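Let's take a friendly walk through a protein model, one chain at a time. Keep the 3D view open as you read.

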Amino acid sequence: MAEPVIDIRNLWTRRGGRIIHRDLSMQVETGEIIGLVGGSGSGKTSLLRVVIGLDAPERGTVRLFGIDPLNAGREKRLAVQRRFGTLFQAGALFSALSVFDNVALPLRELRGLDKRLIRDQVMLMLHLVEIEARDIDKMPAELSGGMVKRVALARALALDPELLVLDEPTAGLDPERSRSFVKLIQSLSLQQSLTVFMVTHDVDTLSMLASRVVVLADGRIVADDPLDQVKRNPHPFIASFFATAEPLPQPN
Amino acid sequence: MTRGSAQLKTTDAGERMVVLSGDWTLASLRSGVAQTFHALRSVSADPALKWDLRQIDALDSIGALLIWRAWGGDRRDSALLNPDHVAILQRIAAVPVVEPVRRRLDLLAPIAFVGRRQGRFYENVVAFVALLGLLVVDVFYLLAHPRQIPWREISATIYKAGALAMPITALVGFLIGVVISYLTSDTLKTYGAGIYIINLLGISIIRELGPLLVAILIAGRSGSAMTAHIGVMRVTEEIDAMITMGISPISRLVLPKVLGLAVALPLVSIWAIAAALLGGAIAANAQLGIDIVFFLSSLPGVVSADNIWIASVKALTFGTTIALISCHFGLRTKPNTESVSSAITSSVVTAITLVILLDAVFAIMFRSVGFYH
């Protein structure tokens with residue numbers, strides 16, 4: 001069990017001739033909440049895509065739960081995929097399915113859970129993300145941006161994943177919802193030893209959740225420490241990132 | 001990972017107790033969810049039974065839901081819990097119970113369906129007429145302000161829907177020419193009328209098949225692309241962005257497509273007609289021994305030039321219709337991806353149906369034009 005949940009070794013990725021990641025290495029242990037930070041275009045989302053196996057790295061390996069999904073057989077890859085849930089930036093809800101069916105889909109795909117159990121699990125997950133019962137038959141097109149995000153989070157949680165990969169989870173949520181999101185992740189990670197790997201720009205979310213902050217700049221990891229230490233890092237990007245996040249002085 | 005299990009024990013104090021142990025998670029229970037539930041359910045009927053959940057190693061919400069359901073959706077305060085697992089059960093207890101709504105059989109549903117269809121048809125007609133009106137208004141505006149005529153977009157449409165369609169229309173035209181010539185030559189030969197293959201191919205291809213074939217091909221090829229283009233722009237709110245910038249989507253998106261197809265379709269039709277006649281001549285040469293040069297040189301003598309004009313007018317009408325229908329359905333797309341696919345289907349089906357309808361109208365209108373009597 002000492003195996004790291006995510007194990008990235010000497011990763012190089014290239015897109016359209018441009019090198020995005022140069023020799024990245026990092027490990028994420030069980031129960032950690034990692035905040036991935038970087039300027040726009042620094043390759044945060046690309047790294048996320050490589051981690052969840054959507055893009056292949058040019059060089060290097062990415063192992064999830066000790067398995068390299070891209071080079072494992074179909075069964076093994078599927079087993080790994082069932083152990084993590086992903087929240088995409090824009091939600092990526094299936095537009096042809098209702099809210100309920102979107103969350104139920106991964107459970108139904110398992111084949112073998114009975115209808116009642118699926119229903120109970122879906123209602124539980126939707127309750128966790130504060131979606132009310134009257135909204136469960138709506139189609140994604142009828143939802144507000146924040147609701148789409150919350151339904152997508154419910155879908156990512158549906159299989160009780162051990163690893164949650166989140167791309168900008170609080171972008172587009174109002175402050176209150178962001179806080180309840182933070183609380184939800186906190187309680188889940190405490191009880192179910194949930195590991196979280198998230199890209200975020202939100203310093204509040206970072207400071208409340210992240211046990212470690214990884215900063216990407218110029219294709220490299222320039223910091224990989226708890227937030228307090230990262231804040232003291234003299235790297236120009238880090239300095240400006242946290243400087244703008246400080247509240248502006250109030251008049252009077 | 002040890003699979004979750006349940007044991008019935010009797011404690012020293014003589015109490016009967018259900019002891020759950022192992023991993024109660026989706027991953028470990030997956031294959032045996034139903035059996036586990038029934039096992040739990042059968043013992044849970046006894047309210048005197050104590051539950052001991054302290055030996056559970058890992059509990060996730062699926063596992064907890066199973067236990068919860070076995071309890072009949074009620075907390076057992078007497079249950080002994082691992083402190084780590086209290087919160088999970090609390091979360092489940094907090095979910096309000098909502099019974100799924102059962103859909104009742106509605107006997108009037110088929111009638112309502114027909115009515116809704118009818119309503120939607122009229123809505124479409126009204127919206128289409130409105131689109132035509134807006135287009136006319138924009139045309140007058142552009143005539144008054146010729147600097148704003150979207151030449152680039154018009155030429156892009158001519159290139160995409162016309163020039164790029166040349167290979168496929170030539171191929172299809174050529175093959176149709178070969179097939180018609182090949183199939184009719186036998187019949188003509190029995191009557192010794194082989195030479196009439198020139199009249200037959202000339203009239204049928206120039207007047208009828210050329211424009212119709214091209215219209216159907218372009219409706220499938222460019223009509224669908226136009227609907228998808230405008231539909232996706234609606235989904236991504238690009239059209240709304242255009243409107244706020246003061247750019248009329250009608251004159252920037254619809255008009256160039258309509259004008260472009262109106263120009264392209266007659267040209268492509270003539271091109272396809274040429275390919276079809278060539279195919280017909282080659283097949284006639286092979287089947288009936290008619291010289292290709294003779295075939296082509298006697299064509300003007302048996303098919304009046306009016307037919308070329310009829311073909312062009314038809315093609316122009318078809319092109320305008322296809323573009324208008326495609327833009328109409330594109331603009332009526334609702335802002336979700338599901339709606340785009342149904343808009344494309346409606347657009348292509350409606351365009352092809354209308355083209356065939358118009359073709360029939362043309363056949364009646366021009367019934368005494370273009371024949372040598």
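**Two chains and where they meet**

Chain A has nine helices and nine strands; helices (H or I, at least four residues) and strands (E, at least two) are DSSP runs, numbered from the N terminus. This is a predicted model, in which local features need pLDDT of at least 70 and side-chain atom pairs count only at pLDDT 80 or more, while totals for chains, interfaces and linings use all residues. Residues are numbered from 1 along each chain as its sequence is written, and chains are lettered from A and ligands numbered from 1 in the order in which they are written.

How does the radius of gyration of chain A agree with that of a compact globule? For 252 residues such a globule would have a value near 18 Å, and chain A has 19 Å, which agrees. (The radius of gyration is taken over C-alpha atoms, and the globule rule is 2.2 Å times the number of residues to the power 0.38.) The C-alpha trace of chain A spans about 60 × 55 × 35 Å along its principal axes. Of its 252 residues, 41% are buried, where buried means that 20 or more other C-beta atoms, placed from the backbone, lie within 10 Å of the residue's own.

Now turn to chain B, which has 13 helices and three strands. Its radius of gyration is 36 Å, whereas a compact globule of 373 residues would have one near 21 Å. The C-alpha trace of chain B spans about 115 × 60 × 45 Å along its principal axes. Chain B is divided into domain 1 (5-94) and domain 2 (150-365), with bounds that come from an automatic or database domain assignment. The centres of these two domains of chain B, taken over C-alpha atoms, are 70 Å apart. In chain B, 35% of the 373 residues count as buried.

Where do the chains meet? In all, 21 residues of chain A are in contact with 26 residues of chain B; two residues are in contact if their C-beta atoms, placed from the backbone, lie within 7 Å. On the side of chain A that touches chain B, helix 4 (115-128) and helix 6 (175-192) of chain A each supply at least two residues. Helix 4 of chain A gives the most, with eight residues. By class, this side of chain A has ten nonpolar, seven polar and four charged residues. Here Ala, Val, Leu, Ile, Met, Phe, Trp, Tyr, Cys and Pro count as nonpolar, Asp, Glu, Lys and Arg as charged, and the others, Gly among them, as polar.

Conventions. A residue is buried if 20 or more other C-beta atoms lie within 10 Å of its own, exposed if 12 or fewer, and partly exposed in between; C-beta atoms are placed from the backbone.
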